[in-house]
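This report looks at how two chains meet in one model. The structure comes before the discussion.

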Amino acid sequence: MALAVEVSNLVKRFGDFTAVDGISFSVSKGEVFGFLGPNGAGKSTTIRMLCGLLLPTSGEARIAEHDIYRETELIRRSIGYMPQFFSLYPDLTVRENIEFYAGMYEVPRARARERVEELSGRLGLEGLLDRMTRTLSTGWRQRAALATALVHQPPLAFLDEPTSGVDPVTRRQFWEFIDDLAREGTTVFVTTHVMDEAEHCTRLVIMHDGAIIAEGTPEEMRTRYVQNMVEVQAAPLWEALEALQASPLVREAALFGDALHVQLREEVVDPAEAVRQALGEAGVAVEAAECIPPTMEDVFVALARGGEEAVREASP
Amino acid sequence: MNRRRMMAVARAEWIHIRRDPRSLVVILILPVFMLLLYGYGINYDLDRIPFAVWNLDGTQVSRDLIDEFRQNRYFDLRESVLEQRRIEELLDERKVVFVLVVPPDLGGTVGAGRPAEVQFVLDGSDTTRASVALGYIEGVLNDFSGQLQAQWANRQGTQVAAPFTVYPTILYNPDLRSRPFIVPGLIAVLLTLLAGLLTSTCIVREREWGSFETLIASPAAAGEIVLGKLIPYIVIAFANVVLSIVVGWVVFGVVPLGSMALLLTASMVYMAASLGIGLFFSAVSRSQQMAILFAVLLTFLPTILLSGFVFPLRSMPTIIAAIAQIIPATHFLVIIRSLYLKGAGLEILWPQLLVLAGFAVVIVVVAAGRFRKRL
Amino acid sequence: MSGDLAVQVRGLRKAFEDVVAVDGLDLEVGTGEIMGLVGPDGAGKTTTLRMLCGILLPDAGEVRVAGHDAVRDPEEVKARIGYVPQRFSLHRDLTVNENIAYLADLYTVPPGTWTARREELLEITQMAPFRDRLAAALSGGMRQKLSLICALIHRPQVLLLDEPTTGVDPLSRRDFWQILYDLPRQGVTMLLCTPYMDEAARCNRVAFLHQGQILRQDTPAALRESIHSRIFEVRCRPQHLAREMLKRLPLVEGVEVFGDRLHVTLRPEAAPAEAWRALREAGVGELAPREVEPSLEDVFVAMGGEVENRKSEVGNGEDGESGGTGVSPILPSGEPPPPRTGETPVPPGGK
């Protein structure tokens with residue numbers, strides 16, 4: 001299968017700070033590729049390099065079969081990029097913004113008009129095309145930015161936190177749209193901090209401190225990296241949380257919705273029973289404690305925390 | 001008014017200035033640089049004024065008169081004209097500033113003791129140059145007539161004093177050099193520009209950076225915020241005042257005759273007023289560009305054009321002169337020039353100082369009053 | 001007014017030019033409660049919070065926060081509340097410690113008490129190693145944690161949070177909540193705007209805001225129980241065909257993709273077997289449908305549908321909005337823009 005993105009040993013240093021530390025991965029055409037990691041892990045830096053906006057310190061990358069050093073102009077023509085921060089002209093209307101970028105990508109005028117209609121229909125922007133962009137709230141701006149990034153029908157789309165600050169309904173629509181895009185053949189490279197959303201991806205990598213620490217399908221991620229997960233209902237919940245965080249058997253305990261998700265150490269044989277016991281000793285009433293498959297968020301936190309600990313051990 | 005809150009605002013502002021070394025360099029170097037540039041550049045003194053002579057007389061008297069000009073270091077004889085047409089040519093081509101026309105029989109007229117007339121044809125297109133030249137010419141002529149009268153009286157064997165002899169005793173700047181006049185004014189204008197640039201963005205900037213919302217959601221009062229913002233810039237302004245005085249002294253040799261303490265005090269009061277104006281614009285503007293635009297259009301230009309720095313207040317129409325009175329620079333110019341040139345003291349300058357102090361207080365109060373702790 | 005209420009709002013209204021952002025909002029939050037404020041983009045959440053802080057003047061209505069009138073005595077309110085705005089609102093060129101000291105001074109916290117508080121907060125949020133780092137050099141997650149620390153340094157009675165974890169990774173989000181969850185025990189009342197329904201689920205009560213009004217408020221459990229539609233998780237091959245097909249069925253309210261599974265919401269009266277039969281008839285392989293509990297997110301989506309139904313009953317354009325058709329179910333056009341300092345012109349109320 002042809003590769004949309006091919007990265008090997010990519011490095012970016014800013015002064016003596018290494019933002020991206022020799023990462024390698026590849027994305028096949030038509031994938032929805034999830035690029036996850038904590039804030040400051042180097043995701044946006046990587047995306048900027050892949051979009052040809054930032055020159056790598058070393059390493060190789062081919063985007064849509066173009067070389068990242070020599071063919072940045074060709075790369076820019078074959079991708080759509082939706083940056084993390086609002087980057088449209090606030091004093092242009094939504095339509096004017098989309099048409100402006102259509103012009104930049106040399107989309108013929110008639111075709112651009114068609115695309116405006118098509119994208120605004122699919123993104124629910126029809127009623128807002130003639131509104132000044134600055135008067136839109138976050139969710140609508142994000143839709144406008146997405147339409148702008150896709151106006152020239154790029155074969156590869158980089159979306160940096162497209163759903164940031166967007167309400168749940170809009171978020172669902174975004175992902176439906178992304179699923180459709182991928183089925184129509186567009187490769188989507190996407191970052192998000194909402195781990196539910198990561199489930200939409202065909203494949204994921206998790207980046208931490210400039211390195212890739214995990215890779216796989218969502219299913220593989222959930223089964224490969226985290227064991228001994230227990231969901232706990234207890235009252236009062238904060239007492240349960242404190243008791244579990246204090247327990248030596250517990251690796252991580254945190255709120256998950258209105259329940260607790262508790263990851264126990266590998267050596268614990270019956271995790272649910274261990275949790276009940278720990279809470280019993282602390283005098284907290286347990287309503288329910290059952291072993292569950294970990295959610296993506298559990299996986300993410302476990303991996304990222306593991307990464308942090310590894311870093312902390314490395315530097316005294 | 002809570003001192004701790006005010007100082008918190010001041011400290012944050014100070015750290016901001018310190019962490020932006022480029023702006024600090026600009027703040028400290030720019031005024032000095034401009035003082036050097038304009039201090040050398042602006043000079044009303046004329047040296048070796050080019051002139052020509054059309055001598056229709058040819059007697060000893062006319063030769064003496066022309067020699068008087070030739071020997072004077074301020075004048076430079078370029079040509080002796082032989083016909084009238086040439087006069088216009090020379091003036092048109094700006095080869096000379098004036099042409100001295102000596103009428104026929106000047107010697108006879110003077111010898112007879114009758115009043116004589118000589119003509120000066122001046123290029124009036126450059127008013128400043130023409131009037132300075134005319135002043136010099138009158139000086140030379142006064143000297144020359146004095147000599148003639150003395151000679152004439154000698155020959156008559158009597159001692160007839162001329163009815164009036166002008167002995168100008170020029171106080172404060174005896175050589176009428178323009179630098180001691182210009183440099184203090186320049187210092188005042190540059191300090192005004194600096195003050196406007198320093199404070200016109202310091203509040204509105206927080207709006208654009210987002211830190212405004214936390215600030216107005218806190219209990220800090222408008223007065224505390226405005227005064228807190230003012231404090232670090234007062235310190236910087238003091239450094240600039242000292243630097244300017246030192247450069248004026250070391251580079252241009254311009255030393256204040258009056259009290260240094262009074263000069264520093266007056267400068268700081270003036271800076272407080274000017275910084276306060278910047279703060280006012282910062283408090284009421286919605287964007288940094290708007291604040292800077294206000295500061296430049298509404299303070300800097302009037303300071304240059306109306307304060308008496310370039311054009312004397314006395315030559316302005318009454319209304320404009322009245323408007324000039326509400327520009328702080330007008331009063332500060334009186335103070336700084338008097339201190340530099342006359343060595344005047346507080347007993348003379350207190351009204352101006354009082355006006356400036358009042359201005360500073362009023363503008364800070366108004367800025368605080370116009371500052372709304374609302375979005 | 002009752003002394004037990006930390007926040008009491010009646011008939012709150014605010015319009016920006018021709019757009020009504022908050023339209024007769026009533027809200028009460030008891031002392032020590034965590035109240036979640038959720039709603040579609042532009043529902044008026046940020047505007048409401050700003051009026052509660054006393055930094056935006058309402059057009060009409062009463063606002064009492066921490067026992068004081070936010071319209072008449074905004075300074076009294078400001079001294080008693082902590083506020084984390086949506087946009088990072090601290091000094092980027094100050095370090096973590098300097099920012100905290102700045103806020104402690106602005107709130108005149110006695111010097112002896114806030115340093116201990118600072119250490120405690122830095123420790124819980126894992127921010128202690130970064131105390132001397134400039135705020136500009138912090139990652140998004142760390143910035144938000146710093147904002148929270150600064151908002152808490154003076155031990156406010158009421159904490160107002162405007163989407164504090166937007167753009168924050170799950171790890172930092174957990175650190176963040178580690179602090180939040182401890183606050184009600186100390187008697188701190190919290191009003192939290194959030195786009196994340198798992199965070200809303202942690203609140204004692206949740207209010208759904210739509211077009212500047214509260215449509216419904218209740219405990220998360222009661223809200224979930226109010227959903228009568230049944231939700232099934234099902235794996236299908238090929239998934240996108242199943243999705244398209246299910247969406248067309250009249251008994252299906254909605255379909256959502258969760259990785260390799262679909263969440264299918266069926267109308268309350270529908271027989272689930274019918275749906276699966278339709279799938280099989282269309283030749284889509286279907287595996288083990290499993291009924292799942294509705295989440296708060298399902299409630300949110302259902303509320304959106306409800307709003308849409310109500311609108312279509314009322315008829316088009318009656319509230320003066322045109323061009324609302326075709327826009328997403330919950331959001332007609334003409335959404336009031338939440339003003340963001342520096343990005344949008346500040347409303348005329350600020351003058």
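Which side chains meet in a salt bridge at 2.9 Å, N to O? In this predicted model, they are the side chains of B:Arg19 and C:Glu98. The rule asks for a side-chain nitrogen of Lys or Arg within 4 Å of a carboxyl oxygen of Asp or Glu. Across the interface of chain C and chain B, five salt bridges are found.

Polar contacts were also counted between these chains. There are 16 such residue pairs, with both partners at pLDDT 80 or more.

Which elements of chain C give two or more residues to the side that touches chain B? They are helix 2 (74-80), helix 3 (96-106) and helix 4 (111-124). Helix 3 of chain C gives the most, with six residues. By class, this side of chain C has 24 nonpolar, nine polar and nine charged residues.

The table sets out the overall interface values.

| Item, chain C with chain B | Value |
|---|---|
| Residues of chain C in contact with chain B | 42 residues |
| Residues of chain B in contact with chain C | 30 residues |
| Area buried between chain C and chain B | about 3100 Å² |
| Share of that area from carbon and sulfur atoms | 53% |

Now chain B itself. It is divided into two parts: domain 1 covers 3-43 + 177-370, and domain 2 covers 49-156. How far apart do the C-alpha centres of these domains of chain B lie? The separation is 48 Å.

How values were computed
Residues are numbered from 1 along each chain as its sequence is written. Chains are lettered from A and ligands numbered from 1 in the order in which they are written. This is a predicted model: local features need pLDDT of at least 70, side-chain atom pairs count only at pLDDT 80 or more; totals for chains, interfaces and linings use all residues. Side-chain values use heavy atoms; hydrogens and water are left out. Domain bounds come from an automatic or database domain assignment. Contact means heavy atoms within 4.5 Å. Buried area is the accessible area (1.4 Å probe) that two parts lose on being put together, summed over both. A polar contact is a pair of N or O atoms within 3.5 Å; within protein, one must be able to donate a hydrogen and the other to accept it, and residues adjacent in sequence count only if both atoms are side-chain atoms. Helices (H or I, at least four residues) and strands (E, at least two) are DSSP runs, numbered from the N terminus. Ala, Val, Leu, Ile, Met, Phe, Trp, Tyr, Cys and Pro count as nonpolar, Asp, Glu, Lys and Arg as charged, and the others, Gly among them, as polar.
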